[in-house]
Structures are given as C-alpha cells and as structure tokens.
Amino acid sequence: MAFIRKRRLERELYSKERFSLLLLNLEEYYFEQHTANHIKNKGCRDERKFRGSLKICSKSIIFEPDDNIQPIIKIPLRDCISIKAPEDNEAKNPFTQDTSGGISVVCNQVFLIKERNIIAPYKTVRGRTEHLFQLDVAGKLGDVVQTLHQLYRASCLDKMGDQAAMITAILQSRLARTSFDKNRFQSISETLHMECKAEMVTPLVTNPGHVCVTDANLYFQPLNGYPKPVVQITLQNVRRIYKRRHGLMPLGLEVFCTENDLCSDIYLKFYNYQDRDELYFLIATYIENHITEHTAESYMLQWQRGHISNYQYLLHLNNLADRSCNDLSQYPVFPWIIADYSSSELDLTKPETFRDLSKPIGALNKERLDRLLTRYQEMPEPKFMYGSHYSSPGYVLFYLVRVAPEYMLCLQNGKFDHADRTFNSLAETWKNCLDGATDFKELIPEFYENDSSFLVNSLKLDLGKRQGGKMVDNVELPPWASGPDDFLWKSREALESQYVSEHLHEWIDIIFGYKQKGSEAVAAQNVFHPLTYEGGVDLNSIMDPNEKVALLTQILEFGQTPKQLFTIPHPRRIMPKLKSLSRTSSHNVSITESPVSPNEESFEDLTEESITLAWNNITKLKLDEQYKIHKEAITGIAVTCNGSSVFTTSQDSTLKMFSKESKTIQRSVSFSNMALSSCLILPGDTTVVCSSWDNHIYFYSIAFGRQQDILMGHDDAVSKICWRDGRLYSASWDSTVKVWHCAPGETLSSKKHHFELLAELEHEVSVNTINLNAANTILVSGTKEGTISVWDVTTATALHQLPCHSGTVLDAAFSPDSRHLLSTGEDCCFKVIDVQTGMVISSVTTDEPQRCFKWDGNTILSGSQSGELLIWDLLGGKVTERLKGHTGAVMSMWMNEQCNSVITGGEDKQIIFWKLQY
C-alpha cells in the first residue's frame, strides 16, 4: 500500500493544510498561491471575512480557509461569468478602501469541499454567486488577474485538445522564466551535471518544476513550491532506477532508495526522452551492478530456486513491466488466487480451493467466454475479447476507497461510486469477476501485504446505502477469515502455497509473457483493446491535439497492459519432492514428457549434509599443494576413487599419473605427438580414456601400464569426452558429438573394447565442450562460435540451440537438479539457461574469461584466464572471493563428490591441490 503510506506521511508533515493536488481535475496544474481574505456578502450587514490561501490552478480557482470548519471553495474556470478587479472609481471610494487588492469572481457553479474537515462527496452550489478575494499583497493583483484571464480563455475553448495546448503553452512559459534555485544545494561544493524541466508524478496528478543533478544529489523544485520547496535524494542512497512509460510515452523515470519496497522515492515525467535518458545515465553510474542485479531473468533465477517468494517475484516483475503505484493506470497487478469464499475452513491442500492460473479472469466462466468469443468473431478489426481491462485506476480505487477516498473523489469528479458498486464483499466481488459481463479485474498487491486497513472503514466514510437498506461499512470477509488481518495472512499463505508455486508461471505467461500478445494471446483468450498495449498507438504520429487528448483520457480510464517481459514460456518453479497438487493441463503434460525426469523437480539434489556444508563454506578453500608436472598447459584431470592417483593430460601430448602419497610422477605416457585435450577414468579404476587432437581417443590400462585400445571416431581433433553408463560421448572440431556404446575387454586380458556408434549429433561448427546432466538424459554442447545446444540423448534430438556467446564456449554444466545450465565463454560472460524452456535467464559479465568451473546451482567456483580461482554469488552477479593460484590461465578443474577437495591444472604446467578448511 505504498502510495497510501506516502500519503499518510504527507499528512503528518503538512497536517495543517487541507489542500492537496487531488482537489484538482485530472490533467490540471497548480500554478501559484496567495494569502488572501474571502469576503462574503460584501457591503451587507452580515459581511464576513475568512482568511486563507487563494490557489490559482489551470482549470479552477481554489480558496482554502484557515478555519477548517469552513469548506474549501473550488470554482471551475469554465463556470465563471466574469473575473475582474474592482473599477478604479470604486477603488477610490473611501467606503471601499478595504477592497484594495481585491478580485471579483462571478460564477454559476461552485464546489464546497471538506466542510468541517470531513472527507465526503463535494457539495455543488448552482446559481449565480459572486466571490470577492482580497490579496494581502495588493501589488500582485494585476498579474493574478491577467493569469486568470488567460486560463479562463483556455477553459472556454470548445475542444479539449485546444484547451490542453493553450494551458501547456502557459506552463512552459512559466517554466522558461524560472530556473532551479542553486541556493537549495546541500553543499556549496556540489558540481552541477544537468538541469531540465520535468513533472513529479504522484497518483492521478503531476506537478511541474525543475530537476537538477549534481555529483552528490538529485533535486526537484516544484514550480508552485508544493508540498515543499525542494525534494532532495542523495545519489549514494539510490538502489534502483527504472525507465517508465507514462501516458503511452517513454518519458518517465522512477528512483528507489530501497531494494524491495514497492514505494519509490520519486517518479519524474520529462518533456522529452533525451532529458530522461541523460538523467538515467547520470544516476545509473552511482549504482553498482545495476544491469545484472535488476533484470527479469536474474529475478526469475532467484524465484525458481526459492530465494525470493512468489510475492517478491511478482513485485519485481511489476516493477520491470512499468507498473508503479504512482501511476494508477499502470498500478501493480496481482492475481486472484483463492476461489473459495464460502467455506468455514480454507483448505490449501485441495486444488479446488484455487483459481485456475492458466486462464485470464475473462476465460474462467465458459458460458460467459462463449458469449464473448461469439462477439469477438463478429467484430470488425481491430478485434478484442474484453471490453474492460484487468487493471485500471477505477479498479485500484475500488479496492482502496476506504483508505484513499480523496483519490476516488478526484477520479470521479467529487463523487463516490454507487453504494451497490462499491467494494462490499470478497465473495460478491469474486462472483462478479466470474459472471459479470464487463468485470475482468485482477487484484492488487495490498491483498497479500500486512496492512488490512483497506478492508476497514476506519475513517467512518459515508459511502452510501445499498438497495437492501444496509450502509456500506467494512468489507464483508469470507467465513474462513476471523478478521481482516487473518484474511490477509491466509491470502499470503495461499499465494506462497505449493499449488500456486507450481502454477504461477502460467499466470505470468498471460500477464507478462508470451501469451500477452499475438496468436498465443488469441489462443489463450487473452485479447484486450489494442490501445492498452505498449506500442498500440504512436502519439507522436497523431497531429490532431483533440484526438491525442481523447486517446490519453481513454487510456487513463481503461488501464494499460504491462510491458511484455518474456516471449517464450516461463519456466516452472523448482519445487520440493512433495505430492503435487495439479490440475491437468496440456502444459503440464509437456513438462512430464520432457527429458527432465519428475524426480529431478527438487530445490537442489544435494541431500548429503557434507555437500551442502562444503558449498556454504566454499570461500574457505585454501591452496594446499602445487606441483609442476608437465611441459605445456594441463588440459584434463581425473582421479581414482580412493584419491591416491591423479591422472592429467597436457598439450605436451603426455598422460601422467601422479601419486598423491609419494608426491611423484609414477607414469608418463605419450600416444602420439599431438596434444591431449581431456581424460577420464572408467568405473573400477582400471582404465584411463584420453582424447587427442590427432582425431583419436585412447584407452590406457592402468594395471598393465600400456595402451589398451584406440577409437578412431572423428575427422578432426577430439576436444572433450564424457563417460556414463557404458556410453562414451565425444565432441570434436569436425562439428559432431558422437555417442558410442563401449563393451570393455575382459579384466586382466588383452581383449579390445567393442565400439558401436549409437548416435551422431551434428553441429554447424566445431564443438569445443560437452557435458551431461545427473540423470544422463540431457547433453549440452558448446561450439567455437558461441552456440549452446541442449540435446535429448534418449532420442538424439536437439531441444534448444541458443546463440549465447559471442566467442568460443569454454565450459558448460548442468545444475545438480538439471533445471538450469551454466556456460562460460571467451566473451567474458556467464549465461544461465532454463533447460525446460531454453530461456537465458541470467547473464553475468566477468572482467576476464572464466575457462572452467564447478557450481551447485547458486555458487560458482571458476578458474580465470589470469590464474585466480573466483567464487561467485550467481544470484547477486558478483565475486565474493578471489584465490591466488596459477600464474597462467586455469585450464581444467576437478572436484570430488563431497565438494571439499579441488584440483586445478594450469597454463603454467602445474597442478594445484585445494582443500576446504572449516
């Protein structure tokens, strides 16, 4: 309830002032104020004076009496008959000396607001009345009357576009005659970087003024000095900054000094996008890792792995999709979750308790949907299925009227909605969303927060009487809620439930994802009016000002569809191994048929405490021993089960066997004069397999100390080999990955292996690396041109082919749960890919290439080009520890199953042993 909290704060700061910008009409500006007396019944026996403040606005004159018993008077300029100062001869009359500095306003309609300081619908007084305002500073009379005459002429223009153009010209003239007051700088040593004109945006209103950026602060100085002379934000405190689309134009900028709050510190709207972009650049330079920390993909990864809640993820997506609580036409949208508002107990173990998140609200009732689709088929272009939106200013204030009544009065010209259309009951509102002909609204974040005040009429507002004679008071809650706080608690519990966690991605597809637009939106029955979509209309191409104003008004009232964040299906959340609560859907079927087996749908397949403990303490990794054992760079490392023998391959063409116990080289074998690229040990620790740049794969018998077999399977260098379940996987620069079935020779004999080619995975360019997931069902390959391919090895078919890197892919590996894939390349980037959808969900830029790595799904241990080992917090996109090691690039890395022992091989010809020291 961000802007409500902000409004409460403003009330505390300016508690004596009843005036607010919400008393203005939509798209109206407040220009200036003057201390004055309002004289009633001048010249009569009952003449009275009321001291207060006269506000000059672009469409009205507002007088706020100091005495809060008296109502605020609002006189629309369009309803004025005359505005003038007293005639000269009257001013010289000794009996009218007190009218010096007076302005006479004759009108045929006036609104009385906040009488006795009570928030209520405006009282309308119709008929000819005269109001005399006597300024304290008589010398300003001429300027004030001239301004009012200008604004009066604008209000009398027939067309709204012409009115807006004239008022804009007056506003721009005022802004051009003023500039930011540099005396407002916090320090005389501040250096000015930029100054421009802009408007501060708050719900339903904008306030023009001057923006100023120095090397230390961001300032906004309102033209009218309201609500305070200067808004100041220290740049070092800025945590997030978002470009916004405001009024269908890319002119907005929102600045946050908090990480997770929905409430921003300032929202600015500029008059051109160049000023907006320049200010964005200046502020962004003060934010570390701004780009990597705040992308939809980085938040998706955190959500998938359970590091942020469903609620937090939805807040972040709303922020990234231009949703702001300062813009009611783009207020954050949250889903209806609960479908049961009649039971005495809320059972979150039953799927029937929940709304079907795979469908928009309008498609939940089949009978209504059939009627809408019939109309849609008969409709001329441009077609749309729903005549109203799921989020609009009216819907937001429908929910919040009890805590934001002044916003509702502003939106509805001084009136509350009809009592029977007010937010009276959760059950009634849900039923109307299911059955109503034009009601398709979703919820707002407040339904899943901690402040239940929006459900309670604590202000004792008179919201009217319903048809049955009952007064509108507190919102009627479902039987399963003991009170407003309990209702919110259970709603949050439902939002974070297993069912919702399993299905939230379906709703995201509809609101923020690939089902938002195009043919997928049609198939999902999710088509709204074209004007509500980003890019639905180009306001710059509309020359007619009246048409432009009409479009903006229509959008403000109708609402806007969020910016599209995803263009392919959103991945599911990774859930614990619990019984699933799922409705059958085609999307679910495709998931169960994917190569990722159901048993892998867990947070992390790291059940052993030692593994978890190791990764939690990975920053405590220490260099233990190091040995120079080769003449060239080390390319591969394999270790026997007992850890006693370490086998290494090198570009010096040799395979070496190093004894950990004696710290000596016990074997040195050369199969050809070409470099060896990788090695592995077959189960049983009897055979080492090596890949070579001479196109061959060599099998070396440890027991007999000789070459046992050779596989001549490729037409170019073999770059990497893997072994799983009797199958050998080989990658080559000949643009293939081959899968071999290997029947080994009998132990302690000279019988050869029997090789059978099972599959050939073809690529367009040389393959540099491969890896398999834990279940041996999916293979990843990375090429010299930067392409990552994901293969279903059970069918030898490509699932995804993604141009991830701009240079050679150096290493790639699946997370332990097989849900994600991490790759690193020569382009100094880590990329995280969702295996199911093929979506690149995170990209982390590194200072130098990371040539090899190990990871647990959250933390990365990588070997860098310079020889350091780096420990990365993947979700934060930053290095948490640097470990000095090799003097050249780290070329290969081995880690034991317990993840507490690491061996690295370097370009410096050394192997280094690393150990965790708790």
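In what order do the four strands of the open sheet that includes β32 follow one another, and is their pairing parallel or antiparallel?

Author: The model is a predicted one. In the sheet in question, the strand order is β32-β33-β34-β35 and the pairing is antiparallel; the sheet is open. Its edges are formed by β32, residues 809-814, and β35, residues 840-845, each of which pairs on one side only. With direction ignored, neighbouring strands of this sheet are turned by 15° against each other on average.

At one end of that order, β34 (residues 829-834) and β35 run antiparallel and are joined by five bridges. Within this part of the sheet, Cys829 stands opposite Thr845 in β35. A helix also packs on the sheet: α7, residues 296-304, touches β33 (820-825), β34 and β35. The direction of α7 makes about 115° with that of β35.

Inside it, strand β37 (residues 859-864) runs antiparallel to strand β38 (residues 869-873), and five bridges join the two. Ser862 stands opposite Leu870 in β38.

Two helical regions complete the account. Two packed helices are described by the angle between their axes and the distance between the axes. For helix α3 (residues 141-155) and helix α4 (residues 160-176), the axes come within 8 Å and cross at roughly 155°. Since angles over 145 degrees count as roughly antiparallel, α3 and α4 are therefore roughly antiparallel to each other. On the α3 side, the contact is made by Thr147, Gln150, Leu151, Arg153, Ala154 and Ser155, which meet Gln163, Met166, Ile167, Ile170 and Arg174 in α4. By class, this contact between α3 and α4 has five nonpolar, four polar and two charged residues.

Helix α10, residues 393-400, is largely enclosed by the rest of the structure, because seven of its eight residues are buried. These buried residues are Pro393, Tyr395, Val396, Leu397, Phe398, Tyr399 and Leu400.

Technical notes: Residues numbered from 1 in each chain as written. Predicted model: local features only at pLDDT ≥ 70, side-chain atom pairs only at ≥ 80, totals over all residues. Heavy atoms only, no water. Pairing = 2+ DSSP bridges. Axes fitted to C-alpha atoms, helices over the stretch in contact; angles between N-to-C directions. Contact = heavy atoms within 4.5 Å. Parallel < 35°, antiparallel > 145°, perpendicular 65-115°, else oblique. Nonpolar A, V, L, I, M, F, W, Y, C, P; charged D, E, K, R; others polar. Buried < 20%, exposed > 50% of the residue type's maximum accessible area, 1.4 Å probe, protein only.
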